[in-house]
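Student: Could we go through the ligand site and the pockets of this model together? I would like to start with the surroundings of the ligand.

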Amino acid sequence: MRYCARMPRFVNVAAAQLGPIARTDTRAQVVKRLIELLQQAHAMGCTLVVFPELALTTFFPRWYFASSNELDAFYEREMPGPETQPLFDRARQLGVGFVLGYAELTTDDDGTEHRFNTSILVDQQGNIVLRYHKVHLPGHAEHEPWRRFQHLEKRYFEPGRGFGVARAFGGVMGLAICNDRRWSETYRVMGLQGVEMIHIGYNTPVHNPPAPEHDNLSMFHNHLVMQAGAYQNGTWVVGVAKSGCEEGCEMIGGSAIIAPSGEIVAACTTTGDELAIARCDLDLCNSYKRSVFNFEAHRQVHAYGRITSQTGATPPK
Ligand code: ING
């Protein structure tokens with residue numbers, strides 16, 4: 001009986017961090033940057049390139065728009081559309097898949113419009129194999145002029161319905177977006193679907209107006225939650241920033257590729273367009289999923305009822 005070594009399930013992944021996108025930058029100018037990063041990643045042996053949240057435009061929820069016509073310009077009505085087709089074409093030509101975050105405007109058959117903060121996973125043949133609508137929308141819904149800048153995601157987007165996964169790149173892939181990464185439920189719901197690699201784009205200002213005392217911990221909190229999510233669910237996590245001073249708002253970088261151990265194996269060190277690359281062995285998930293986080297063997301679901309039966313906390317009298 002010939003010994004057949006386990007064929008490792010490696011995915012060579014690039015976290016493709018973006019520097020600022022100006023309000024006046026056109027889709028064409030941004031797509032050019034994305035293609036440049038994708039080509040560099042391909043040249044360095046990557047088959048999957050992960051772009052940030054809202055990677056086609058500036059982070060427009062930082063402003064209050066009274067009317068929707070100015071606002072609508074930030075959304076994509078089709079994906080790919082004429083301006084993003086070149087990215088899909090180049091990626092397919094190079095045999096590289098990618099994750100792309102963007103603002104999505106869809107219209108139901110009855111004409112109802114829906115606006116989502118969306119992320120898609122595109123495979124090496126250019127097929128969209130997973131589409132995700134951001135569940136945890138931070139910030140506020142009304143104009144709050146006291147803030148140095150707004151954070152109107154609750155006004156400009158609807159929350160998504162859940163966290164799905166898809167088989168691609170030889171494993172089980174999942175998507176989340178920005179604020180989602182701060183909530184342990186995000187990782188666990190995908191962990192319960194056997195996820196092995198979660199891609200999370202983010203646009204995170206250094207300053208958080210309601211809690212300025214947290215500002216100096218913004219990078220610590222960024223890595224803390226993704227490292228915990230990775231370890232507690234035995235999955236890789238790829239976190240990718242839109243960073244730098246964007247329209248006067250300082251945003252953290254810190255893009256990182258995190259192993260199921262919780263260790264950071266690659267990270268960006270600038271706040272511009274930058275690649276962090278790692279050869280990710282998806283089978284490194286196994287020892288966590290089969291031991292300390294063997295959900296079937298260890299979870300005590302009867303004790304977890306509050307997690308889905310209530311929203312806010314109810315302290316004792
Ligand atoms: N941005 C931020 C994030 O969750 C935020 C919002 C900033 C929350 C700082 C808490 C502290 O990373 C988005 N886009 O969700």
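Predicted model: local features only at pLDDT ≥ 70, side-chain atom pairs only at ≥ 80, totals over all residues.

Student: What is the distance between the side chain of Asn-179 and an oxygen atom of the ligand?

Tutor: An N or O atom in the Asn-179 side chain is 2.8 Å from a ligand oxygen atom. For Arg-182, a side-chain N or O atom is likewise 2.8 Å from an oxygen atom of the ligand. On the nitrogen side, a polar side-chain atom of Glu-53 lies 3.3 Å from a nitrogen atom of the ligand.

Student: How much of the ligand's accessible area does the protein cover?

Tutor: On its own the ligand has 370 Å² of accessible area, and the protein covers 88% of that.

Student: Which pocket does the ligand take up?

Tutor: The ligand takes up the space of the largest pocket. The volume of this pocket is about 420 Å³. Its lining is made of 24 residues, of which Asn-179, Arg-182, Thr-204, Pro-205 and Asn-208 are the closest to the centre. By class, that lining has 10 polar, eight nonpolar and six charged residues.

Student: Moving on, what is the volume of the second largest pocket?

Tutor: The second largest pocket has a volume of about 360 Å³. It is lined by 14 residues, and Glu-185, Arg-188, Arg-299, Tyr-304 and Ile-307 are the closest to its centre.

Student: Which elements give two or more residues to that lining?

Tutor: They are α5 (184-191), α6 (218-233) and α9 (306-309). The largest share, five residues, comes from α5. The lining of this second largest pocket comprises six nonpolar, five polar and three charged residues.

Student: Now the backbone. Is the peptide bond from Met-79 to Pro-80 cis or trans?

Tutor: The bond from Met-79 to Pro-80 is cis, with omega near 0°. Pro-80 is in the loop between α2 (68-72) and α3 (85-94).

Student: And what is the phi of Phe-169?

Tutor: Phe-169 has a positive phi, near 55°, although the residue is not glycine. Phe-169 is located in the loop between β6 (165-168) and β7 (171-177).

Student: Why do such cases deserve a remark?

Tutor: Because most residues other than glycine have a negative phi, and most peptide bonds are trans.

Conventions: Residues numbered from 1 in each chain as written. Heavy atoms only, no water. Polar contact = N/O pair within 3.5 Å; in protein donor to acceptor, adjacent residues only side chain to side chain. Areas by Shrake-Rupley, 256 points an atom, 1.4 Å probe, with all protein chains shown as cover. 1 Å grid on protein atoms, 1.4 Å probe; cavity = no way out; pocket = protein on both sides within 12 Å on 5 of 7 lines; lining within 4 Å. Sits in = over half its atoms within 2 Å of the grid points. Points joined across faces, edges and corners; volume = space filled by probe spheres on them. Nonpolar A, V, L, I, M, F, W, Y, C, P; charged D, E, K, R; others polar. Helix = DSSP H or I, 4+ residues; strand = E, 2+ residues; numbered from the N terminus.
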